Amino acid sequence: EKEKTLAMIKPDGFSGNYMDKIRKVILESGFDIIREMMVRLDAGKVTQFYAEHSKKSFFPSLVEYMTSGPVLIMVLEKPNAISDWRALIGPTDSRKAKVSHPNSIRAMCGLDSAKNCVHGSDSPQSAAREISFFFEDIVPGFVKHDE
Ligand code: CMP
């Protein structure tokens, strides 16, 4: 059963000429890119999108980072897309990714735990919320629940 997840190439990934490499890894890993959209996020959108982090100390710098340039939003589809995309991007802290997951996308283009180059939904619930946040016409089903 196919599953959808939300992927985002953040401003550092977008500006650092990693776009083509990231797209290549995505396609070679068996994901279909079913939607894609370049957007420039404003502080309001970032605050909504990352609402769960709004009380964290790093939140102001997260807003500054995410509004520093355009991002590419993608809906990826394949069986097990949510956890496979999280595995492919690697740990949040790109410095750890470089050590423990050298083939991950964050090892390739991330800098640290803040500037980590890409985003991926962390659960079916987040995927549903995040996909409909950017693509209102897609209403992802919760296809991964146990039968
Ligand atoms: P992401 O996986 O998109 O989800 C939340 C984002 O907040 C994360 O990537 C980072 O960009 C940022 N973030 C998470 N943890 C930290 C941290 N400890 N310090 C700074 N930024 C962080």
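**The ligand shell and selected residues**

Tutor: By class, the shell around the ligand holds four nonpolar, five polar and no charged residues. This is a predicted model, in which local features need pLDDT of at least 70 and side-chain atom pairs count only at pLDDT 80 or more, while totals for chains, interfaces and linings use all residues. Residues are numbered from 1 along each chain as its sequence is written.

Student: Which residues are around the ligand?

Tutor: They are Tyr50, His53, Phe58, Leu62, Thr92, Ser113, Ala114, Asn116 and His119. A residue is near a molecule if its C-beta atom, placed from the backbone, lies within 6 Å of it. For the classes, Ala, Val, Leu, Ile, Met, Phe, Trp, Tyr, Cys and Pro count as nonpolar, Asp, Glu, Lys and Arg as charged, and the others, Gly among them, as polar.

Student: Why is His119 called buried?

Tutor: A residue is buried if 20 or more other C-beta atoms lie within 10 Å of its own, exposed if 12 or fewer, and partly exposed in between, with C-beta atoms placed from the backbone. His119 has 22 other C-beta atoms within 10 Å, and is therefore buried. The unreviewed UniProt entry annotates His119 as "active site", although such annotations may be inferred rather than shown by experiment. His119 is in strand β4; strands (E, at least two residues) and helices (H or I, at least four) are DSSP runs, numbered from the N terminus.

Student: What makes Thr92 partly exposed?

Tutor: Thr92 has 14 C-beta neighbours inside 10 Å, so Thr92 counts as partly exposed. Thr92 belongs to the loop between α5 (81-89) and α6 (94-100).

Student: Which residues does Thr92 touch, not counting residues up to four places away in sequence?

Tutor: Thr92 touches Ser113 and Asn116 on that count; two residues are in contact if their C-beta atoms, placed from the backbone, lie within 7 Å. Asn116 itself is buried, because 24 other C-beta atoms lie within 10 Å. The unreviewed UniProt entry lists both Thr92 and Asn116 under "binding site".

Student: Why is Asn17 called exposed?

Tutor: Asn17 has 9 other C-beta atoms within 10 Å, and so is exposed. Its place is the loop between α1 (11-15) and α2 (19-28). The phi of Asn17 is near 65°, a positive value in a residue other than glycine. Most residues other than glycine have a negative phi.

Student: Is Cys117 buried or exposed?

Tutor: Cys117 has 25 C-beta neighbours inside 10 Å, and therefore counts as buried. Cys117 also has a positive phi, of about 75°.
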